Amino acid sequence: MIDWINWLLALAQTLLFIAMAPFLLGWIKRVKCHMQNRAAPSLWQPYRDLGKLFRKHVVLAEQASWIFRATPYVVFGATVLCAALVPLVAVDLPTAAIADVIVLVAFFSLARFFTALAGMDIGTAFGGMGSSRDMMIGALAEPVLLMAVFTMAMTASTTNISEATTYTLNSGLVLRPSYIFAMLGLLMVAVAETGRVPVDNPATHLELTMVHEAMILEYSGRHLALIEWAGQIKLMIYMVLVANVFFPWGIATALAPNDLAVGFVAIAAKLVLLGVVLVVWETIMAKMRLFRVPQFLGFAFLLSLLGMLTHVVLETGG
Amino acid sequence: MSPLILAYLALASALASGVLALGADRYPVLLRYGSSLLLGACGVFAVLAGAWALIDEAPTTDLLALGLPWLKWHLRLDPLSGFFFAVVGLLVFAISLFAPGYLREYIHPKNRQALSALGLFTGLFVLGMLLVLLADDAFVFMISWELMSVSSYFLVAYQHQHAANRRAAFLYLLMAHIGGLAILLGFGVLAGFGGGFTFGAMRAAELSATWASIAFALAFFGFGMKAGMVPVHAWLPEAHPVAPSHISALMSGVMLKVAIYGLIRVTYDLIGDIQWQWGLVLLIIGSTSTLLGVLYAMLRNNLKRLLAYSSIENIGIILSGLGLSMIFIGTGHKILGVIGLIAALYHVLSHALFKGLLFLGAGAIAHATHEYDLNNLGGLIRRMPQTAVFFLIGAMSISGIPLLNGFVSEWLTFQTALQAPVLASGVLRSIIPAAAAVLALSAALAAACFVKVYGVAFLGVARSRHAARAREVDAGMRAAMGLLAALCLLFGIFPSTVISIIDAIPNLLLGAGPPSATAQGWLWLTPISPKTASFSAPLVLLGILIFALIAWLLLRKRTVDVRRGHAWDCGFGSLNSRMQYTGTAFSMPIQRIFAPVWDLKEEIEETRHAAQPLQTEGVRHQLQALDRSWSRVYEPIGHFVLVAARRIGLIQTGSIHTYLAYSFFTLILLLWVVT
Amino acid sequence: MEFTQLSLYDQAILLLAAIVLFTSFIMLAQPRIVPLIHAFAWQGVLLAVTTALVAYVTDHPHLYISAGMTLALKALLIPWMLHRLAVRLNIHRDIEAVRYPSMTLLAGASLVVFSYYVAIPIVQFSELVTRNAIAISIAVILLGMLLMITRKKAISQVIGFMSIENGLFFSAMVSTFGMPMVVELGVAFDVLVAAVLFGVFFFQMRESIDSLDVDRLNRLREVDE
């Protein structure tokens, strides 16, 4: 009986996750507009955009094969599955156990693999260009991501995200140098992986600078809606990971209604704050040349490597 | 009846398949069907024998009165050899399905080739591999090892019309023998302490730490050379691709694994006392091989050569797993060592399956288009829909995408690496995660590499006439690929079941199994403990299916609302196939970032319009990315050997008196030393 | 001792030590002159804060003086002098290409592991809460040397040299809570004099060989090739 409720809660949390993702993007856009002295769109604009895309007809390129048509579903399915693994409001939900953070990273690479294939499927220079660049960025981002994750996993001696969150929660306020470096590394990777400034610009349609947009240039209608939505969920996954693994306070440890409500408010507040941080970062940074990205990610790797080293030297030595 | 009987049947069928093929020059049907059928039987018997030995756990031994009268053949089938037996058998069976269709081209009257040689050496090659696995003394091991090497030499040299193939084959033979020599010396050390050439005697031998390290170093060098570890790998991408595709599949898929078997057998079983320093060496060489292998693969445009380089990468992953295992065993954490060993063994299985699949896919592409160069392919997904699906599964599996077998072994390797905090030495604690990061980088690069392969070969628009007219291959070839693809999926979704079977191997070698890996039942994989890490592939599959299904059901409207239109051409008019990204273009960003890894020679020639010199009429771009191991390892050694040979050549005078004097003085010297 | 059992102050000291190490890496990665000087200044600030914190936690008042001196000299005075020099020599916009930046950083990371290995015997004999930072301080010294090796411009080398001094000061502080006051004053004075001398030397160097590239110094060899 209890088991059932837990699974239902996990499902509800996942649905909440999916439903909240466009809102987060709306918030980021809004804050960004305010910071740049532009008139801001409504917070609900991403929902309207998605709704419009879902209603529209699909136009497929002539050469598109089934890979192109399957990709949106694969990408969306993989991303939603990742969302199910990340504790949003409460820890210890049963879905958290079915896969750990390494699987989560691997599911992102599944999504990237298919998006890149879909880019190549049309047979235009745009798609190939986007795929090639995205695979390059992905290849460099993955070790950073795993290194940051390893630092966390070595401290908490688990790769299960829920367990790691519980560990941080239980050990109270500890100023771990390794966590700080790992978090900075993770933030930089998150920027690269979700295609934000300075690595990629989600708003651009300039050939020379496009990465993710170039791959999905041929998508339209519901396919595009799914891919856009998956992108929003992915952004939110990274932000929730940072918020909950490094600052877990407030998250519900028991499944009582009160705790859940507190957990919801806590994560909402954390995301709002992180959104502002992201906007500030994007506003003060300029988009980089593509071949500066390796240096950016190299620096992120250095950060997470330092995280691991300081963990070994300062936190366990002696 | 014992599993050994089945093993003998497998050996006999392999031999018979080779012998039967002797008549193939006159009756090609003998090779295409007779030999293949026998090979298939060999595969089935081998799988059965191996599975039996794995499940039965108790080793079965036998003494055959073959060969020299006072040197009987010691044979033994235990879970370790059983596992490798089954792996070889699986691939041999798939090959036997593939070969009849694939060989049709070789019996075509226009370019008919020596079929008997192909069939004979294929049979002997399989026989050699299986016999290596059964060997229980150094003599049988070395004889069958050489049988394997020499018969595969003839297969590499099969298309000897091309000078490059002859050169590759010679290099292969040379390297195989240098490696063989090192292995022989390694056995010599062990036999010297054990007082006999049987593995039983070697197992009982008590070696000092130094001698054990020497034996290990020799064995590691010999087997590593055969397995293609960096920096002694350069022969592999030369030799493997030039054999017919199904033989390449065997060479890359399982012959490398036989070398890994040898390494595990000698280190874990015969030497026994594992030192952690060995593991560190393995880990470092393994992760270097992984990274360099995939980077070299990335820039290749010849599909088979690319696959051969990617074998180096995968051997690196296996070596890293073994290295981790040895580090943990050497520092007294046996249980973690077991998990590392299982990760390595799982990758042995995975790599055999997906690399076999990909080589067969390359063979199918070559069969259908007569093209190996990726940049002449394209759009095959429409011409060869089934091959495209199977190849996609192989490509995903090799890229470590979850729910396929390649991911399971990578996940296990990462989990082992993450147990580094238990180690007392802080240096090891920092090196191991760094090595794991290298593995992660390589896995991501492998994904990029296979997106390139799949995207350029199967997707987009055909880049050549051949590719545009390709036709799906016949049912047998598709069945072979389908079988391997299905196994890739199966072993990716039910890892716990497989692990609960192969844990007989650590039980045999280390006397301990993974206590909790499969404790939670077939649904869950929990290598250390459920709290540390858990992964349930079936549930993940279920989840992803449910979400994708819901999305599809909600969105599946009438198909009418899907319209086809032109792709976006920036308003410049029609697109053509030459506007697509080529393989070279795709890998350019990575080539630029990791430029110091290759010896790059890039030439760009622009032809200008005669009247208007500012207008470019055409651009020719040529990129040559050479393996650095040639200029850094092979050429210096080759040069040194030549110089040394010239020096030694001085004693060759041509006068028979001098030669007699040499013998005389040698005799005197020896007599003096002996007394 | 488990990290979680330390008091928050001790944790903060170790955290600051880690950030000091991080500034060393920033210097290693920074190709532009002025940000390099800034990174060096930040290292000085962090060092001063760490020293003050150690003084507070362990109740060693003389460390406050060291902290103040560090702040005044290494965070303010010397960076200011270097900055002025850079402007006057008109090299403040120069970018110094490091050949393999990522290889340099990886070499730096391995130096950290190496200094950890070297520091183990010392750490075992120490009872201080800061003992784990000894490895960090050795790493700061080695990274300063690496900076000097990889750079060509004389001014970067001076910063590398000063950073080595930072490492020495840091190691003295974390292993024995500082050197005797006399020694420290002497060292501080030396560093100041060195900075002044380097300034004079730069001008001389540019006068005589028309470049601040130390590779050109090999022209001064007496033996011709």
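Student: Why is B:Cys570 called exposed?

Tutor: In this predicted model B:Cys570 has 10 other C-beta atoms within 10 Å, and a residue is exposed if 12 or fewer lie within that distance of its own, buried if 20 or more, and partly exposed in between, with C-beta atoms placed from the backbone; B:Cys570 is therefore exposed. Local features need pLDDT of at least 70, side-chain atom pairs count only at pLDDT 80 or more, and totals for chains, interfaces and linings use all residues. Residues are numbered from 1 along each chain as its sequence is written, and chains are lettered from A in the order in which they are written.

Student: What makes B:Leu403 buried?

Tutor: B:Leu403 has 21 other C-beta atoms within 10 Å, so B:Leu403 counts as buried. Its phi is positive, about 75 degrees, although B:Leu403 is not a glycine.

Student: Why are H6(A) and H9(A) called oblique to each other?

Tutor: The axes of H6 (residues 161-170) and H9 (residues 221-246) of chain A, both helices being DSSP runs (H or I) of at least four residues, come within 8 Å and cross at roughly 40 degrees. Axes are lines fitted to C-alpha atoms over the stretch in contact, with angles from 0 to 180 degrees between N-to-C directions. Angles under 35 degrees count as roughly parallel, over 145 as roughly antiparallel, 65 to 115 as roughly perpendicular and the rest as oblique, so H6(A) and H9(A) are oblique.

Student: How do you know that the span of helix H6 of chain B agrees with its 32 residues?

Tutor: The expected span is 1.5 Å times one less than the number of residues, which for residues 163-194 gives 46 Å, and the end C-alpha atoms are 46 Å apart, so the two agree. Just after H6(B), B:Gly195 takes a positive phi of about 75 degrees.

Terms used
Helices (H or I, at least four residues) and strands (E, at least two) are DSSP runs, numbered from the N terminus.
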